[in-house]
Amino acid sequence: LKVARQLGDNQLMERKWGETEVTLQSALNWAAQVATPLGELPGINDSLTAPLAASSWFLDAISLYQRGDWLRAGRITPAEVDFLHPIAAGLEPRDPEFRSVLLADTGFAVLRDDWSEASNYLLFDWGRHGGGHGHFDRLNFLLYAQGQPWVLDAGSAPEPNAAPELQESWHRQTLAHNTVLVDRQSQGPVDGKLVAFHSRPRYDVVAAESEAYPDLTHRRTVFHPRGGYVLILDELLNR
C-alpha cells in the first residue's frame, strides 16, 4: 500500500471490493467506527481489546489517508507515535463526523454520546454467527461509561486454538456472553435480524431479534438517551 501510493498508483487505494463494493479506506474506517472511548478495538469473539495506538496498520493508514478523525478515535497523539510509523506533520486530531452508527455488513451497532473519553458507549452484536470463529452470542453487548469499561465480554479469547477444551466449554458458550440464556442451554448457530435502528440528536435506539432457540424468538431493544443511561429490554416470544 505504501509503495502503491509512493508510485502514484491510486487504483489499489480506491478500488471497490466484493459485493458491497467496499474500498480500503472504508474498511479501515470500520476500526474507527467501533473504537471504544479508550481508543481500543473492542474485545469480542476470538479477540481481546487492542489499543489502536499500538496497531501499526492503523497508524500507517492515518498517514496514508490523512485522517485526523482516526487520531481521535484511537486516542493517538502524533508526538507520541514511534519513528517507524510517523504521522504526517500538521495532522491534528479532530472529532469524526459520525457518532452512533449501524454497521450492517458486519452485524454491529455502536451507540455513543460523543468522542470524549468519558462518553457512554455500547456495542451491540446482532448480526451473523461468524463461522468457525463465531460464538453463540446473538444480541450480545459491551458497555463503557465514565472513562471505564463497565460490561465486557467474558467469552472473548485471543488464542482459541491454544486451549481448545476451554474454548468449547466456556468461551463460545452463551453463558460467557452478555445475552439471554434459556434453560441453561447455549444458543444455536444462527444469524440475528435487525428490527430497527434510529440515531437522533437526543437519543439512539436499536432493536434486533434472534431465533437461536427452538420455538422462541428473543428480541432485544436498546434505548440510549444522549448523555444519559442505557435501557435494555429483552422479550422472549413463543413462535
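This is a predicted model: local features need pLDDT of at least 70, side-chain atom pairs count only at pLDDT 80 or more; totals for chains, interfaces and linings use all residues.

**A walk through the model**

Guide: Leu-143 has Val-151, in strand 9, as its bridge partner. Helices (H or I, at least four residues) and strands (E, at least two) are DSSP runs numbered from the N terminus. Residues are numbered from 1 along each chain as its sequence is written.

Visitor: Over how many bridges do strand 8 and strand 9 pair, and in which sense?
Guide: Strand 8 (residues 140–145) pairs with strand 9 over three bridges, in the antiparallel sense. Two strands pair if DSSP finds at least two bridges between them.

Visitor: In what order do the strands of that open sheet come?
Guide: The order is 5-6-7-8-9, with antiparallel pairing of the five strands. Strand 5 (101–103) and strand 9 (148–151) are the edge strands, each pairing on one side only. From one strand to the next, the twist averages 15°.

Visitor: Which strands does helix 3 lie across?
Guide: Helix 3 (residues 24–34) lies across strand 5, strand 6 (108–112) and strand 7 (121–125), and runs at about 45° to strand 6. Axes are lines fitted to C-alpha atoms, for helices over the stretch in contact, and angles run from 0 to 180 degrees between N-to-C directions.

Visitor: At what angle do helix 3 and helix 4 cross?
Guide: Their axes cross at roughly 125° and come within 11 Å. The two helices are therefore oblique to each other, since angles under 35 degrees count as roughly parallel, over 145 as roughly antiparallel, 65 to 115 as roughly perpendicular and the rest as oblique.

Visitor: And which residues make the contact?
Guide: Helix 3 contributes Leu-24, Gln-25, Leu-28, Ala-31 and Ala-32, and helix 4 contributes Trp-57, Phe-58, Ala-61 and Tyr-65. Contact means heavy atoms within 4.5 Å.

Visitor: Is helix 4 mostly covered or mostly uncovered?
Guide: Helix 4 (residues 56–65) is mostly covered, with eight of its 10 residues buried. Buried means under 20% relative accessible area, exposed over 50%, and partly exposed in between (1.4 Å probe, protein chains only). Among the buried residues of helix 4 are Phe-58, Asp-60 and Tyr-65. Just after this helix, Gln-66 takes a positive phi of about 55°.

Visitor: Changing topic, where does His-129 lie?
Guide: His-129 is in the loop between strand 7 and strand 8. His-129 counts as buried because its relative accessibility is 10%.

Visitor: What does its side chain approach?
Guide: A polar atom of the His-129 side chain lies 3.5 Å from the backbone oxygen of His-135. Leaving out residues up to four places away in sequence, His-129 touches several residues, including Phe-136, Arg-138 and Val-190. His-129 and Gly-192, 63 residues apart in sequence, are 7.7 Å apart in space, C-alpha to C-alpha.

Visitor: Is Ser-210 buried or exposed?
Guide: Ser-210 counts as buried because its relative accessibility is 3%. Ser-210 sits in strand 11 (residues 203–213), and a polar atom of its side chain lies 3.2 Å from the backbone nitrogen of Ala-212. Beyond neighbours within four places in sequence, the contacts of Ser-210 include Arg-138, Val-190 and His-218.

Visitor: How many helices and strands are there in the protein?
Guide: The protein has six helices and 13 strands. Of its 239 residues, 48% are buried.

Key. Side-chain values use heavy atoms; hydrogens and water are left out. A polar contact is a pair of N or O atoms within 3.5 Å; within protein, one must be able to donate a hydrogen and the other to accept it, and residues adjacent in sequence count only if both atoms are side-chain atoms.
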